[in-house]
Structure formats: C-alpha cells, structure tokens
Amino acid sequence: MNITVRVWRQKNADDKGKMVTYGLEDVSEHMSFLEMLDVLNEQLTLSDDDPIAFDHDCREGICGACGVVINGIAHGPEVTTTCQLHMRSFEDGAVIDIEPWRAGAFPVVKDLVVDRSAFDRVIQAGGYISAPTGSAPDAHAVPVPKDDADHAFDAATCIGCGACVAACPNGSAMLFTAAKITHLGLLPQGQPERESRVIGMIEQHDHEGFGGCTNIGECTSACPKGIPLDTISQLNRDLLGALAHGKS
Amino acid sequence: MAVSGLVMLGYLLVHMYGNLKFFQGRETFDSYLHDTLPHMFYPYLPEGGMLWIIRVLLLAAVVVHAYAAVTLWRRNRAAAGYVGGTRYHSKHNRTGIQRSYASFTMRWGGVVLLLFIIGHVAQMMPNWLSPGGASDSKYERTVNGFEIWWVVLLYTIGLLAVGFHLWHGFWSALTTLGQNYSPTRRDSTWTRIAIGISVLLTAGFLSVPFAIFFFGAGS
Amino acid sequence: MTSNVSEQFHATGADIHDTRAPSGPIERRWDDHKFNTLLVNPANRRKLSVIVVGTGLAGASAAATLGEAGYKVKSFCYQDSPRRAHSIAAQGGINAAKNYRNDGDSIYRLFYDTVKGGDFRARESNVYRLAQVSVNIIDQCVAQGVPFAREYGGLLDNRSFGGVQVSRTFYARGQTGQQLLIGAYQALERQIAAGTVEMNTRHEMLELIMVDDKARGVIVRDMVSGEIQTHTADAVVLATGGYGNVFFLSTNAMGCNVTATWRAHRKGAYFANPCYTQIHPTCIPVSGDYQSKLTLMSESLRNDGRIWVPKVGGDDRLPSDIPEDERDYYLERIYPAFGNLVPRDIASRAAKYQCDDGRGVGPGGLGVYLDFADAISRLGRAEVEAKYGNLFDMYAQITGENPYEQPMRIYPAVHYTMGGLWVDYDLQSNLTGLFVAGEANFSEHGANRLGASALMQGLADGYFVLPYTLANYLADGPYEKVDDDHPEVVAARQAVEDRIAKFLAINGNRTVDSFHKELGQIMWDYCGMERTEEGLTKAIGLIRDLKDEFWSNVKVAGVNEELNQTLERAGRVADFFELGELMCIDALNRRESCGGHFRAESQTEDGEALRNDDDFAYVSAWEFGDEPTLHKEPLDYEYVEMKSRSYK
Ligand SMILES: Cc1cc2nc3c(=O)[nH]c(=O)nc-3n(C[C@H](O)[C@H](O)[C@H](O)COP(=O)(O)OP(=O)(O)OC[C@H]3O[C@@H](n4cnc5c(N)ncnc54)[C@H](O)[C@@H]3O)c2cc1C
Ligand code: HEM
Ligand code: HEM
Ligand code: SF4
Ligand code: F3S
Ligand code: FES
C-alpha cells in the first residue's frame, strides 16, 4: 500500500515546529506502525534529511516508551500501544497525521519525543509502599483476597505511557495517578500510607501542571491497558476520606 | 465545584415544582409565591426568612461555582499544551473517542446560564425589567412575559443550556464525589440518570412559557 | 588435546580462580561470607558514593537498597524513565524455593536444577546462594505491593515452568517482569525522593573511568543535549542487561546493548562465555525485511499445542487442509518421551533443521506450525481461550491471523545471553571496584538458563548480594577524590568525544541499521542455533570486513548537540561488531556442545548435544587485546554429579 504521513517536526524544545508531509510507497500491511517510521527514517537519512525522532523500546506494548497521537487519537485507531499498531489498520492511500503527546506537563523534546519525567515525580510523591529491603515478613503472613489482588493487578498494569494525558481535553493525569492509588490502596500492605499517598500524589500532580479532571472519560478509552474510569472515583473517595481526617 | 453545582441543581428541582403550580391557575401560583414561600417556617423565621436564606445560599453557590469554573478553565487550558491556538493539528476525530456533546458545552454553556439567571431574576423578582408589562402578580408578569416571542426564545436557549450543563454536570459531580463505580463513562448509571434529569428539567421548565405562548394559557 | 583452530585468533593466558569463593559446607558459605564481610558505620555511608548504571531489576533493586542503606548513589539509564528497563518485558514468572506447594521443592533442589539446567558450566557456590536468597525475594516483593497471582484462599499461586517437576514459579498473569520492576522502580523513586539516589535518565554510559587500577567513574552522554559528562564515585556497578541485539532480531528491546559492558571490557574487564546464547523456540516468525524485533510467546503454549510441518516442502495449502498423514509432528516423532515439551534448545534446533530442509512454512519458509486444533476439540475452545487467550490475542494482533482457526506459525529467536562480564563470588569483576549484576554479568546460569531464573538472579544480585559485598569493598573507602581534570578522566572524555566526532565525520552512504541487520544475519547464520568450525571461521572474516566498511561508509545524520537517535545506535552497533567477533572466537574455541552452545562437530549419532567435561569444564574469560587472551576458570563440582542429559 502507498500512504502519506503528515508528521510534527520540531528540532528542539525552543523551536516552533510544524507539520511536514512525506510519502511512502509499497508499505506492507504487516508492518508495525513504528516499522513504517523506521523505513521512512532510512529514506530520510539517505536523502540527507533529519530522521524523525520518536520514543520506543520494547515494541511489545509493555515498556510504555512509545506513543504518538495518530489522526487525533492517542496511540491511534486500535486500543493498543503505538508499537503494537499495524499498518493493516489503515487504508491504501491514507493520509496519516502523526503528532506528539500534547500537555503542558509534557514539553516536546524533539519531533515526536516528549518529556514525561513529571510521571516519575508524581510517583516520588507517594506512589510506593515503604518496605525497606530485608525487613519483609513471610509472603504468606498476610493473605490477600483474590479479588483484591486481581483488581490491584488490573490497576497495576499501567505502563506509564501518558496516552491518558494526551487524550484528556484538560491535560489531566488523573487516570495515571488513580491507577497507582488504586493498585496500592487495594492491598493490605498499602494501607498505612494510603492517606498520605493520595494527598502527596495529587499535590504533585497539580504542581506539575497537569489539568483538573472534569470526568470526560477520554483517558480510559485511549488507555492501551484499559485502566478503568472508576479508579478515578476511587481516588476521589480516598482524597475526601483523607481530607475528612484533616490530612493535607 | 461539584457541591455548588448540586446545590443549584437542588434549587432548580424545587423551583420547577413551584413553576408547575402555574397550571393550577393564578391563585395557586400567586399564593404559592406570595404567601407559601415567604411564610415558610413562619413564625420560627420572619416573613421571607427562608427565601432569603435560599437566596443567600444560591448566590453563594453561583459565586463559588463561577469562580471555580473560571480558575479550572484557565488551569486546564494551560495544561492541555496548546500550540498556536490548536492542540492537535489533525482534522480527524476532533470530538475524541467517546466525548458527549454536552461535555463540550460546559464552559460557554455556563456563561450563557449566568447571563440567563441575571436577566431572569431581574425580570421575576421585583418589578424591574418586565417585558410585556409589569404587574404585582407574578402570575401576570410571567404571562405577560411569555406572550412575547423573543422572551420565550431567550428562555428556551437558557433552558437548553441548563439541560446540557446538567447532562454532563450531574454525572461529573457524582464522580468527583467518588460515586462512580463503572469502568467507562458511557455505561455508568449516573450518565443515564443525568440525561433523565436534564430532560425533565428542561421540559418541565419549558412547559410554562410554551403553554402560554403557544396555547395562550393564563390569558 | 589437539591444537585448536581458534588459536589463530587468540592467545591463552593464565588460569583464574575466584579468590573470593568461600569453601566449607555449601549451605553455610553465604552466611559465613556475610559474617566475614566488613561493615560500614552508618555515619560514614553518606561519604561513600556508588554509581549504578542500569535500572532494570538488578540495577533498580541495587540502587534502591544502597540508597536506603545511606550510601550516596547515582543511577543511570538510557530510557526516559527507570521504569522502562527491559526487565519490564519478562512474562512467565520468577522462581523461588518456597515449597508453598509442599511438592518436595527445597533450596537444594533449586540449586540442583539450576546447575543441571546450566549444563554444568556454572559455579556451585554462586548458584547455591541464588537458591537461598530466592526465598527472601518473594517476601520483599509482596511487601512492596507486587500483585502476584493468588488463589481463592488468598495465598500465592504457583506454576511449573521450564521442564522442572516442581511448581516453584511465582507469576503475575503474563506480566511478571513488569510487576517486579514496578516494585523495584517504586522503591527506587522513594529513595530519589529521599535524596539518597540521584537519577539520570536519558544518559548513556560510553566509557569507564579507571584510576590507579580502580574503577572510579563513568563518562556518559546526555542524550537530549549531547553533553558529555563525567561522573566519579568510590565504586561502579554495571547492571546494563544482555546483548542479544548483536543478532539485530531478538526478543530484546530495541535499545538493549553491550556498550556499557564492552567499554569496561576494553578497559580490562574479562568478558566470560560470550558464546552462550539462549534461543527461544516459540516466537512469532519474521514477516518481512522491515522487521525490527521479534516477539516471544510464552513457552506454556507447548503444553497443549502440537508442532508440525508438512511432510513435503513448498506445500502451500491452508494448514487445516493438509491431511494428518501428510503432516510430520517431528518432535513427537524424534523425542517420543518428551514430545513437544523438550527443552528450549532442542526444540529450537529441531525447528531449524525442518526449515533448512525446506519444509518450513510462512514467509521465507522460516516457521513451523504450532497447532491447537486437537486441544480445542479435546478441551473445548472455551478452556483453550481461558488458558491461552491473551497469547492468542497477541498473535492475532501482530499477524492478523486467527489462531483458533489456523495453526500459529512459530520460529526460534534469540532471547537471553548467559555470557557477560566475569565476576567473582562478590560480583566484582577482575577490575577492582567494578561490580556487575543481572544479565550483564556471566551469571549463575552456566551454559543455559532455566525459565523464570533471570528475574530471580537480577533481584538476588540487587537486593541481597551487592549490598553486602559492595559494603565490604566500600569499607576501605572513601578513596581519594578524582577531579575532572585527572589525566585518566580527561583521556576517557577525549576518547568518547573523538569517537562521536568520527561517526559524524564519515558521512558515507549506508545507514546504521543496514549494517546492524547484516551483522545480525551473519551471527544468526554462523553463530546461532548451530555452530561449526568452518562457519565460525568464515563469520569472523565477514564480520571484520563489515566492520571495516562500517567505519568507512556509515552515514550518521545530524549533530551531537541534540537528541540524535542515529548517533546512539551507531555507537551500539560499533561495539556489537567487536562483541560478535569475540562470540565467534569463543564458540570456535569451545569444541563441545553445552546448553545454549551447539557445535555440529560435537553431537551423538542421534543428534544430541555432546558435552566434553574433560576439556571444557571451565569458564572462558576473555581479556581484551589486539588479539583476545583466553583465561580459564576451572569448574569443579563437589555437590552435583556431572551427568549428560537425555530427553529421548
Ligand atoms: C521477552 C522476554 C521475556 C522474558 N521472560 C522472562 C521470564 O519470564 N522469567 C525470567 O526469569 N526472565 C525472563 N526474561 C529475561 C529477563 O527479563 C532479563 O534477563 C532480566 O530482566 C535482565 O534484567 P537486568 O536488570 O539485568 O537488565 P535490564 O532489565 O535489561 O536493564 C538494563 C538497564 O541498563 C540500562 N542500560 C543499558 N545500557 C546502558 C548504557 N550504555 N548506559 C546507560 N544505561 C544503560 C537500561 O537503561 C536499563 O535500565 C525475559 C526476557 C525477554 C527479552
Ligand atoms: C453561574 C454560571 C455557571 C457557570 C459559569 C458554570 C460553569 C461550569 C463549569 C466550567 C463547570 C466545570 C465542569 C467542566 O468544565 O466540564 C461546571 C460544572 C458543573 N456545573 Fe456549572 N456553571 C454554571 C451554573 C450552573 C448551574 C446553574 C448549575 C445547576 C443547576 C450547575 C451545575 C454544575 C454541575 C453539577 C457541575 C459538575 C461539577 C463537577 O464537575 O464536579 N452549574 N459548571
Ligand atoms: C420557564 C422557566 C422559569 C420560570 C417560569 C421561572 C419563574 C420564576 C419566578 C416566577 C420566580 C420568582 C419566584 C419568587 O419570587 O420567589 C423565579 C425566581 C428565580 N428563578 Fe426562575 N423561572 C424559570 C426558570 C429558571 C431557571 C432555568 C433558573 C436557573 C438556572 C431560574 C432561577 C431562578 C432564580 C435564581 C430565582 C430567584 C429565586 C429567589 O431568589 O427567590 N429560574 N423564577
Ligand atoms: S493509565 Fe493508561 S494511558 Fe495512562 S499512562 Fe497508564 S497505561 Fe498509559
Ligand atoms: S479524560 Fe480527563 S477529564 Fe478526567 S476523566 Fe479522563 S482525566
Ligand atoms: S515500545 Fe514499549 S510499549 Fe511501545
């Protein structure tokens, strides 16, 4: 198949940036989306053009490194990561718009690469259980109901890709934050720090310049791991509870 | 935001109930407005006491709500990381994956609401601006007003705004208060109830002006 | 022993002995050793600094634990977040000798299975220690909130993995590595918040700094600004993962590289057993020349799937249309006892032979069928879906084919590298002050790693071994401060800058990837599943020529002072050339078949791997030089009797 891509090109954080159009011939439908970009980059390199920078690593949908907005949708038409998207999802002759995540808290580094370090700082603000190495009791000391363990796991599958922020009209990272709050909050080990965790993470979330959640629900629909929207309500419950106990 | 919104919503429900008394004729409507309401909890509260409490409460709610709205609006626009006026340059999927139309109208819809309320209160409360002729009977005033097409039109706009605003607002408020237990927005019970409430209110409120304008009720 | 053709390519030096390996009863060795290690007074720890390169299971757990202990830690990774290290991709699970199943598992049995599984090419003391601490790993992870699979009673679930008879594998659905790494990552972020660890993401290590014969720091490139930075400390830990990407196509992440360890090797660190490569039988085959990586599908598929190829090659009927009597279920035919469940290397090689004989299926004839038709009719689609649903979906997602209707196509792919920098019992390389953990060291897996043991090793090294052995080294510190204008530092910086300048100056007309792909093909053809004297000798020549062309004809676009992903890849590929050559030399030298290394010349008449314990029961530790020098570390087995395996 032959396709045309319109890609956001931006030399560096200070550059203004613009959409640039490139054509690609006989693209195989079995190519992954990123392999299509690889092929394009080989062309660009040989024609003394600057290859397009994009983040990626595992190409298995698990590391969370990849992620671009394709035709206005984070990670593109299928509910999966950009690296797991294949060209068979597009028609022959299609014109495909490729843009970086847009969010105040995710400044563009170059082309399609953005700086997502804000996520790490949100985790630093409480997204963990304090369990000093070597201090742990036997793993069977505290049984955990299967349902809780399973739900915690579902929330814990977040890969930190940032699609929720890119999809949210408010640039809010509430789903990412809620996923961690839910994961740790459902486990007995997570209880002692439950209230300080939600307060700390929300403060950092706002401090990083992520927007406020107005419950639009785009995040969940764009999330490649299907992190459910009720995690956000879970977060709000924890938050109200914490505030009620005078934490802040 | 959520709380102030819900307070106003609460008022609207009562308010609509009141308005529907219109159909029981002038006496009921007027006595409800001129006697019942002002004498709520009388003699525990002075005449009109309850009303004033409500008014203060409402005023507070609107102010808080509008203030919160504007700050949130500002913050979220910055957070969305616009480049040159637009966020994503792609012309495709502008309306996202599952967004409700209502969710787009919250901000400007809210502004419309604000203007509507100001105008409306000015008309209904004292005898200030009274399209179609002033009168001490609020029944009269209502009728006079709603015999004029542009008044009805303005109200229709205002009420559609209310409808849309609550369609998203009601669901949103409950989620903000931690009450959503469904994995997506669309299949949440609250979303359905929200739509229900919005339709009910819009229809309920509109019934009065339409009745007057189209079916000449009350004249 | 007859003279070895490999000797035309290398010299042979003195044998080495792990001077730190304790003696005495094996079950007491680690405790005794810990008791004898020096301790560091908490008040002094703040004055002692450690550089940890890598934030995978090994690096993150080490950095977090050392930070927690109070040392001044600097951590580095090339991704934009420590959470993206390649450990995240591990699927199957992690072993631990908990014996929660009460099925006769024990520390000793895990030790025994690992030594045997490694085909008797690992160190007994190290393996025993690994089995011992495996127990604490699970406790630690649960305490961190790792959501392992549980049973209705609320206790942890186990599965059996990789051809062992006991159920000792703990798992979190198909994402065990992710959950373990997130646990370690959160522990690391907690220390970053506490100020004990300084995190440097998007920083790639390009050189090791040696001062007075001690590892004292690293030269890194800020991948966003291109700035070349110097970081010094009292000790350096490399936890930079495996080098499977030398084959270009592998199940490794795109960024996995050998650069960190290779730079250390060039500075004198021995590289051990480079030729031990694990090739995984159940991966999704290549679909075209644009292919950038291969995807692994869990081995568990072989429990119910039947592997076959058409009896006559070039049969292009739909597989479902090929009648039973025209199919060859070759594993069941050749290995009646184990059938489709033979170990990884045997299954992989068997598939290769089928394809070599032209009976392969799919694009390029590089694939065999993995058929669930019988399983579906036996168990019903529902149950198959329950068991393998996510894997089937993944397959459909990638190939666009429906595995419930047509059999899957699978082919072996490079998956794990047992080789790595040589380390002693303390995980210290032959360079003082340079410690190596995780897949980056030559590890406890000998010539072949058991499933679910790499995660165990990474966390064992980081949480429970390094913190002791490193403290023992640091106890003599702090060492004399090294400033940025120290001649060694300046030289190291200069070397890095010159190399980058060189890449950018060549401006030839071939892309970095085209070289990498060609190198990978050479490695796969001659140093892959089956190795021969002739092939390896040929490969060495090919690699040298290709390397020369690379240095004269590669095209690296852009400049250094920006995010330049081509420049990053160029540096990695340049090191892969040198590694590839050493792998071939190592494979040429080892004229036996063991674990992940199969020499066609060394097999039984019915094609079984034939080990040669008399001549090759040693670790090959290579010293860098114009021609590499081989140092042998003899391996002796006091506890497990050397046996050769048979799966007939
Ligand atoms: C698809 C797949 C599935 C697997 N499944 C299993 C399984 O089920 N069970 C099991 O036990 N094992 C499994 N393994 C093996 C296991 O995942 C790895 O061996 C293990 O995770 C390696 O961990 P590590 O910490 O040593 O290195 P990694 O996790 O690879 O981390 C390497 C780190 O080093 C950093 N780094 C590398 N080079 C540089 C440099 N030059 N400069 C700066 N930083 C650098 C990277 O940024 C990264 O942070 C699997 C492997 C693969 C590929
Ligand atoms: C005074 C004029 C008003 C303005 C400017 C206004 C504006 C807004 C805005 C901007 C939001 C934020 C939600 C979003 O952006 O999606 C909002 C939410 C809401 N509004 Fe209003 N609104 C007004 C009046 C009202 C009235 C009269 C009601 C009730 C009848 C109401 C009920 C709500 C509710 C329930 C919410 C949801 C709160 C939440 O998201 O937690 N609003 N409004
Ligand atoms: C057609 C629809 C409506 C009719 C016929 C109507 C009628 C009235 C009347 C008769 C009054 C005077 C009541 C009194 O004196 O106590 C009134 C007051 C008021 N109405 Fe409405 N109304 C309508 C819709 C609305 C809507 C949609 C809103 C808000 C979004 C609203 C908000 C108010 C407020 C705030 C007051 C002042 C209440 C007070 O302070 O006592 N009304 N309305
Ligand atoms: S919540 Fe979903 S979309 Fe957001 S970061 Fe996690 S995985 Fe990505
Ligand atoms: S889309 Fe945004 S508004 Fe909230 S529900 Fe999701 S974060
Ligand atoms: S590259 Fe790892 S998730 Fe896409």
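**Entry 1: chain C as a whole**

I began with chain C, where I counted 17 helices and 22 strands in the secondary structure. Its radius of gyration is 24 Å, close to the 26 Å that the globule rule gives for 648 residues, so chain C is as compact as a globular protein of that length. A reminder to myself: this is a predicted model. I then looked up the extent of the C-alpha trace of chain C, which spans about 75 × 60 × 50 Å along its principal axes. How much of chain C is buried? Of its 648 residues, 66% are.

Next I picked out Ile182(C), which I found in helix 6, residues 176-194. Is Ile182(C) buried or exposed? Its relative accessibility is 2%, and the cut-off for buried is under 20%, so Ile182(C) counts as buried. I also checked Ile182(C) against Val489(C): the two are 307 residues apart in sequence, and their C-alpha atoms are 35 Å apart in space.

Then I moved on to helix 7 of chain C, residues 259-266. This helix is mostly covered, with seven of its eight residues buried. Which ones are they? I noted Thr259(C), Ala260(C), Thr261(C), Trp262(C), Arg263(C), Ala264(C) and His265(C). Just after helix 7, I came across Gly268(C), which takes a positive phi of about 120 degrees.

**Entry 2: ligand 3 and chain B**

I turned to ligand 3, which has 21 residues around it. The closest are Tyr11(B), His15(B), Arg55(B), His120(B) and Lys138(B). By class, I have the shell down as 16 nonpolar, three polar and two charged residues.

Which helices of chain B supply at least two residues each to this shell? I listed helix 1 (2-20), helix 3 (49-79), helix 4 (101-124), helix 5 (138-146), helix 6 (149-176) and helix 7 (189-215). Helix 4 gives the largest share, six residues.

I looked up the polar contacts of ligand 3 next. A nitrogen atom of the ligand is 2.7 Å from an N or O atom in the side chain of His120(B). His15(B) has a polar side-chain atom 2.8 Å from a nitrogen atom of ligand 3.

Thr105(B) has a relative accessible area of 15% and is buried. Where does its side chain make a polar contact? I found a polar atom of that side chain 2.7 Å from the backbone oxygen of Ala102(B). A handy note for reading such a pair: an α-helix has 3.6 residues a turn, so residues three or four places apart point the same way.

Last, I went to chain A. Where does ligand 4 sit? I found it in the second largest cavity. Its surroundings include Phe119(A), Cys158(A), Cys161(A), Cys164(A), Cys223(A) and Pro224(A). The shell divides into ten nonpolar residues, two polar and no charged.

Around ligand 5 I noted, among others, Cys168(A), Asn170(A), Cys213(A), Asn215(A), Glu218(A) and Cys219(A). By class, I have six nonpolar, five polar and one charged residues in the shell around ligand 5.

Note on methods: Residues numbered from 1 in each chain as written. Chains lettered and ligands numbered in written order. Predicted model: local features only at pLDDT ≥ 70, side-chain atom pairs only at ≥ 80, totals over all residues. Heavy atoms only, no water. Near = heavy atom within 4 Å. 1 Å grid on protein atoms, 1.4 Å probe; cavity = no way out; pocket = protein on both sides within 12 Å on 5 of 7 lines; lining within 4 Å. Sits in = over half its atoms within 2 Å of the grid points. Nonpolar A, V, L, I, M, F, W, Y, C, P; charged D, E, K, R; others polar. Buried < 20%, exposed > 50% of the residue type's maximum accessible area, 1.4 Å probe, protein only. Helix = DSSP H or I, 4+ residues; strand = E, 2+ residues; numbered from the N terminus. Polar contact = N/O pair within 3.5 Å; in protein donor to acceptor, adjacent residues only side chain to side chain. Rg over C-alpha atoms; globule rule 2.2 N^0.38 Å.
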